[in-house]
Amino acid sequence: MILTLKNTFEEIGNATLFAKQFFKEVFVPPYEAKQFVKQCYIIGYKSLPLVAITGFIMGLVLTLQSRPTLVKFGAESWLPGMVALSLIREIAPVITALICAGKISSGIGAELGSMKVTEQIDAMEVSAINPYNYLVVTRILACTLMVPILVFFADAIGIVGGYIGINIHGDVNFYRYLTQILQSLEFLDLFPATIKTFFFGFFIGMIGCYKGFNASNGTESVGKAANSAVVTASLAIFIIDMVAVQITDLFF
Amino acid sequence: MIKEEKNTEKEPKAKSKTPIIEIKNLHKTFGKNNKILKGVNLTVNQGEDLVILGRSGSGKSVTIKCIVGLIEPDKGEIKVFDENVLNLSKSDLNEIRVRIGFLFQSGALYDSMSVRENLAFTLRKHKRDLAPEEIEAEVVEALDNVGLSDAINKMPSELSGGMQKRIGLARTLILKPEIILYDEPTTGLDTITSREISELILDIKHKRKTTSIIITHDMACAKLTADRIMVLKDGVIHAEGTYEELEKSEDEWVRSFFE
């Protein structure tokens with residue numbers, strides 16, 4: 001028990017030092033712009049289909065599940081606003097971040113872990129190329145930028161899913177549906193939800209890179225790095241979400 | 001195969017006794033009490049090929065990884081080009097690293113890049129003023145040197161073990177290092193390919209006047225390439241001499257490598 005606790009604190013300490021190195025290296029040239037764009041493509045563009053399907057199902061299911069209760073209270077007209085608010089404030093950011101933790105964080109963990117055990121990272125190091133700058137900084141930056149964009153995308157697709165969900169049992173014009181959503185949304189609904197997605201992105205990238213970069217030698221550790229990256233990133237998302245909600249509650 | 005270096009400044013020093021790598025009292029322990037190195041002392045002179053022999057786990061690879069700063073020793077001194085690498089800042093260490101080539105046991109090619117990219121990547125990072133055509137020309141030349149110019153568009157996964165090592169060597173040579181550290185260059189290869197790699201090492205030595213440390217279990221490679229051999233046992237240098245001297249050593253353990 002004490003040993004597990006000690007290992008956990010040791011791991012948190014090491015991860016913090018790893019993150020500190022990111023802030024040290026991110027402003028130091030050479031800037032790996034090409035690699036950053038490539039990572040944005042892999043992390044952002046290649047995740048679009050998965051995020052689109054998830055977002056659509058979230059919107060559709062949320063509408064279908066909420067409708068009976070609202071009908072019971074005669075508040076069916078609130079359905080578009082409620083679906084949009086739930087999606088934008090909480091469901092889309094958290095579910096999209098969890099999807100990204102599963103796809104991106106594990107992918108980065110496995111990729112860097114495999115590079116570590118096959119001595120590719122060492123090869124960069126001995127060639128006087130900074131592997132942290134080239135591999136880690138670019139991936140963390142790409143995650144931090146792409147996850148919020150993916151969340152916006154999931155919001156939009158989710159709203160379309162909600163529209164289809166409403167029209168399964170009724171007949172609502174899309175323009176009217178959108179007007180109702182826009183009337184119920186305020187800037188303060190969007191702002192904190194968007195800010196927290198940057199933190200989700202940062203931690204998804206950072207944890208994936210940390211786990212991969214610190215894979216011990218042996219192919220078994222590649223699987224462990226990928227698995228551990230998903231678990232830790234998912235847990236981090238829930239903790240960040242909890243903190244973000246508390247802060248939002250205090251200030252807004 | 002290897003083109004001769006035009007830089008004639010290095011040539012007269014080739015066989016001189018100028019120490020280029022000096023290791024004194026090197027200690028390294030992994031974990032709590034897994035002592036791998038217990039006071040290794042060695043010197044490599046300019047233009048010399050030193051072969052280090054020893055059983056698996058005797059610390060041969062650890063020794064050369066300490067030289068390039070991949071592993072930090074617990075105690076000791078490592079001087080390369082008269083600089084104590086253990087006291088250098090990251091940027092100063094990188095300046096030394098550019099002058100040292102390291103061939104990994106597996107070749108360690110970047111598997112997400114083609115052969116062309118593997119070579120160009122290293123070059124692009126260090127010679128930022130080179131035009132794309134110049135980089136391409138250097139890549140082609142480096143591949144020609146190892147006899148694999150046909151593989152330029154292939155991915156590492158499409159190459160055999162021997163080819164991966166040759167490409168690894170080409171990537172090492174592209175920065176024109178003065179020292180090359182070979183970590184088991186012929187391990188896992190058939191006899192013919194091993195001989196080809198050994199001949200390539202010899203070729204590099206003659207044409208480029210490099211200084212090398214070669215870690216190997218392959219006695220044919222050692223015989224072909226070694227100017228001097230050191231045998232590592234129990235974390236210290238146990239025996240030292242030329243191939244012929246050690247082959248006739250009175251120490252049965254040393255002789256067992258040559259049987």
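Reader: What percentage of the 252 residues of chain A count as buried?

Author: In this predicted model, 44% of the 252 residues of chain A count as buried. The criterion is a count of neighbours: a residue is buried if 20 or more other C-beta atoms lie within 10 Å of its own.

Reader: How many helices and how many strands does chain A have?

Author: Chain A has nine helices and zero strands. Its pattern along the sequence is accordingly written α-α-α-α-α-α-α-α-α. Taken along the principal axes, the C-alpha atoms of this chain fill a box of roughly 70 × 45 × 35 Å. Among the contacts in chain A with a separation of 6 or more, 89% are accounted for by residues 24 or more positions apart.

Reader: Where in chain A is the confidence lowest, and where is it highest?

Author: Confidence is read through pLDDT, which runs from 0 to 100. The average for chain A is 91, and 100% of its residues score at least 70. Within chain A, the lowest confidence is in helix α1(A), residues 2-25, with a mean of 88, and the highest is in helix α6(A), residues 131-169, at 94.

Reader: Which residues of chain A does the UniProt annotation "transmembrane region" cover?

Author: The unreviewed UniProt entry places this annotation on residues 48-66, 78-101, 140-166, 193-213 and 225-247 of chain A. Two of these stretches may be compared with the model. Residues 78-101 of chain A are 96% helix and 0% strand, with end C-alpha atoms 33 Å apart. For residues 140-166 of chain A the figures are 100% helix and 0% strand, and the end C-alpha atoms are 39 Å apart.

Reader: How many residues does the contact take from chain B, and how many from chain A?

Author: The contact takes 13 residues from chain B and 10 residues from chain A. On the side of chain B that touches chain A, the elements that give two or more residues are α2(B), residues 90-98, and α3(B), residues 115-126. By kind, the residues on that side of chain B are seven nonpolar, four polar and two charged.

Reader: In what order do the four strands of the open sheet in chain B stand?

Author: Strands of a sheet pair through backbone hydrogen bonds, and the pairing may be parallel or antiparallel. In chain B the order of the open sheet is β2-β1-β4-β5, with antiparallel pairing. Its edge strands are β2(B), residues 34-45, and β5(B), residues 83-84, each of which pairs on one side only. Helix α1(B), residues 60-67, packs on this sheet and touches β1(B), residues 19-30, as well as β2(B) and β4(B). The direction of α1(B) makes about 120 degrees with that of β1(B).

Reader: How many bridges do β1(B) and β2(B) pair over?

Author: β1(B) and β2(B) pair over nine bridges, in the antiparallel sense. One such pair joins His27(B) to its bridge partner Lys38(B) in β2(B). These two strands form a hairpin with three residues between them, and Gly31(B) in the turn has a positive phi of about 65 degrees. At β5(B), two bridges join that strand to β4(B), residues 75-80; there Lys79(B) stands opposite Asn84(B).

Reader: Why is Leu26(B) counted as buried?

Author: Leu26(B) is buried because 26 other C-beta atoms lie within 10 Å, and the cut-off is 20 or more. Leu26(B) belongs to strand β1(B). Apart from neighbours within four places in sequence, its contacts include Leu37(B), Val40(B), Thr63(B), Cys66(B) and Ile78(B). Thr63(B) is 37 residues away along the chain, yet the two C-alpha atoms are separated by 8.2 Å. Thr63(B) is also one of the buried residues of α1(B). Eight of the eight residues of that helix are buried, so α1(B) is largely enclosed by the rest of the structure.

Reader: Which residue with a positive phi follows α1(B)?

Author: That residue is Gly69(B), with phi near 80 degrees. Ala108(B) shows a positive phi in a residue other than glycine, near 50 degrees. Ala108(B) lies in the loop between β6(B), residues 100-103, and α3(B), and is buried, with 25 other C-beta atoms within 10 Å. Lys209(B), likewise not a glycine, has a positive phi of about 55 degrees. Its place is the loop between α6(B), residues 191-208, and β8(B), residues 211-215. Lys209(B) counts as buried because it has 21 C-beta neighbours inside 10 Å.

Technical notes:
Residues are numbered from 1 along each chain as its sequence is written. Chains are lettered from A and ligands numbered from 1 in the order in which they are written. This is a predicted model: local features need pLDDT of at least 70, side-chain atom pairs count only at pLDDT 80 or more; totals for chains, interfaces and linings use all residues. Two residues are in contact if their C-beta atoms, placed from the backbone, lie within 7 Å. Ala, Val, Leu, Ile, Met, Phe, Trp, Tyr, Cys and Pro count as nonpolar, Asp, Glu, Lys and Arg as charged, and the others, Gly among them, as polar. Two strands pair if DSSP finds at least two bridges between them. Axes are lines fitted to C-alpha atoms, for helices over the stretch in contact, and angles run from 0 to 180 degrees between N-to-C directions. pLDDT is the predictor's confidence in each residue, from 0 to 100. UniProt positions are given in the numbering used here, feature names are shortened, and annotations may be inferred rather than shown by experiment. A residue is buried if 20 or more other C-beta atoms lie within 10 Å of its own, exposed if 12 or fewer, and partly exposed in between; C-beta atoms are placed from the backbone.
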